[in-house]
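Have the sequence and the 3D view ready. We will walk through the fold step by step.

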Amino acid sequence: MKLAERIAQSQVTDDLGESKNIEDIADVYVVRACGVVANKYPIGVSVWRIKYSKDTKEIKTVVNYLIDFCLNEKLVTDRKQAQEIVKTTMKYWFDPICDNCNGLGFLKVTGAPMLSDQACIFCKGSGQTKLSLDDKAADEVLQHLNKLERVTASQIFTKLRD
């Protein structure tokens, strides 16, 4: 099970008991690690919870953080422009899958349970859409979200090993 899946599962578990097998990581350990990391990187844990646990309680906090990031880094000049960039970038970051081919990269053969050899014309076979804004600010926000995800994952994993 991947770390993202493990964290998502532990956020909604009813079983917070200790692990019976010494090699297993109990949900309570994951919750503890997330709590420790959230103390130092609260926005990173919020991003993880939104993306992997589908917990949207802190979406406004993350959006406001990213708007402030745009303004503080001088990526844009006004708040309205920052809001639009953050909205579009977050939508892409949470779900970059091509709607036309459902992320498969190829078109389905009509009436058959198989894919054709013809690449999807929208994503050109990648299975993912492109960020709809061709903008330096949007790229910076996307890179920042990716960095938040990586740093948070690294910190949680480190705490789980301790």
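This is a predicted model: local features need pLDDT of at least 70, side-chain atom pairs count only at pLDDT 80 or more; totals for chains, interfaces and linings use all residues.

Helices here are DSSP runs of H or I with at least four residues, strands are runs of E with at least two, and both are numbered from the N terminus.

Start with the overall plan. The chain has six helices and two strands. Along the sequence they follow the pattern α-α-α-α-α-β-β-α. The chain has 162 residues, and 35% of them count as buried. Now look at the contacts with a separation of 6 or more. Residues 24 or more positions apart account for 53% of these.

Next, find helix α3, residues 42–53. The helix has twelve residues and reaches 15 Å from its first C-alpha to its last. That is close to the 16 Å expected at 1.5 Å a residue. Is α3 mostly covered or mostly open? It is mostly covered, with nine of its twelve residues buried. Among them are Ile-43, Val-45, Val-47, Trp-48 and Ile-50. Lys-51 is also on the buried list, as are Gly-44, Ser-46 and Ser-53. Just after α3 comes Lys-54, with a positive phi of about 60°.

Take α4 and α5 to begin with. Their axes are 9 Å apart, and the helices pack at an angle of about 125°. The two are therefore oblique to each other. Their crossing is right-handed. On the α4 side, the contact includes Ile-59, Val-62, Val-63, Leu-66 and Ile-67. On the α5 side, the partners include Ala-82, Ile-85, Val-86, Met-90 and Phe-94. The residues of this contact divide into twelve nonpolar, two polar and two charged.

Helix α4 (residues 59–72) also packs against helix α6 (residues 136–161). Here the angle is about 125°, and the axes lie 11 Å apart. So α4 and α6 are oblique to each other. This crossing is right-handed. Which residues of α4 meet α6? They are Tyr-65, Leu-66, Phe-69 and Cys-70. Across from them, α6 supplies Glu-140, Val-141, His-144, Leu-145 and Leu-148. The contact comes to seven nonpolar residues, one polar and one charged.

There is a pattern to spot in lists like these. An α-helix has 3.6 residues a turn, so residues three or four places apart point the same way.

The crossing of α5 and α6 is right-handed. Helix α5 contributes Ile-85, Thr-89, Met-90, Tyr-92 and Trp-93. Helix α6 contributes Ala-137, Ala-138, Val-141, Leu-142, Leu-145, Asn-146 and Glu-149. These residues divide into nine nonpolar, two polar and one charged.

Zoom in on Thr-89, which lies in helix α5 (residues 79–94). Is Thr-89 buried or exposed? It is buried, because its relative accessible area is 0%, and buried means under 20%. Setting aside residues up to four places away in sequence, Thr-89 touches Leu-131, Ala-138, Val-141, Leu-142 and Leu-145.

Move on to the loop between α5 and β1 (106–108), where you will find Ile-97. Its relative accessibility is 36%, so Ile-97 counts as partly exposed. Which residues does Ile-97 contact, beyond its neighbours within four places in sequence? They are Asn-102, Gly-103, Gly-127, Gln-128 and Thr-129. Thr-129 is 32 residues away along the chain, and yet its C-alpha atom is separated from that of Ile-97 by 5.9 Å.

Finish with two lysines in loops. Lys-74 is in the loop between α4 and α5. Its phi is near 55°, a positive value in a residue other than glycine. Lys-74 is exposed, with a relative accessible area of 71%. Lys-124 is exposed, with a relative accessible area of 68%.

Technical notes. Residues are numbered from 1 along each chain as its sequence is written. Side-chain values use heavy atoms; hydrogens and water are left out. Axes are lines fitted to C-alpha atoms, for helices over the stretch in contact, and angles run from 0 to 180 degrees between N-to-C directions. Angles under 35 degrees count as roughly parallel, over 145 as roughly antiparallel, 65 to 115 as roughly perpendicular and the rest as oblique. A crossing is left-handed if the near helix is turned anticlockwise from the far one by less than a right angle, and right-handed if clockwise. Contact means heavy atoms within 4.5 Å. Ala, Val, Leu, Ile, Met, Phe, Trp, Tyr, Cys and Pro count as nonpolar, Asp, Glu, Lys and Arg as charged, and the others, Gly among them, as polar. The expected span of a helix is 1.5 Å times one less than its number of residues. Buried means under 20% relative accessible area, exposed over 50%, partly exposed in between (1.4 Å probe, protein chains only).
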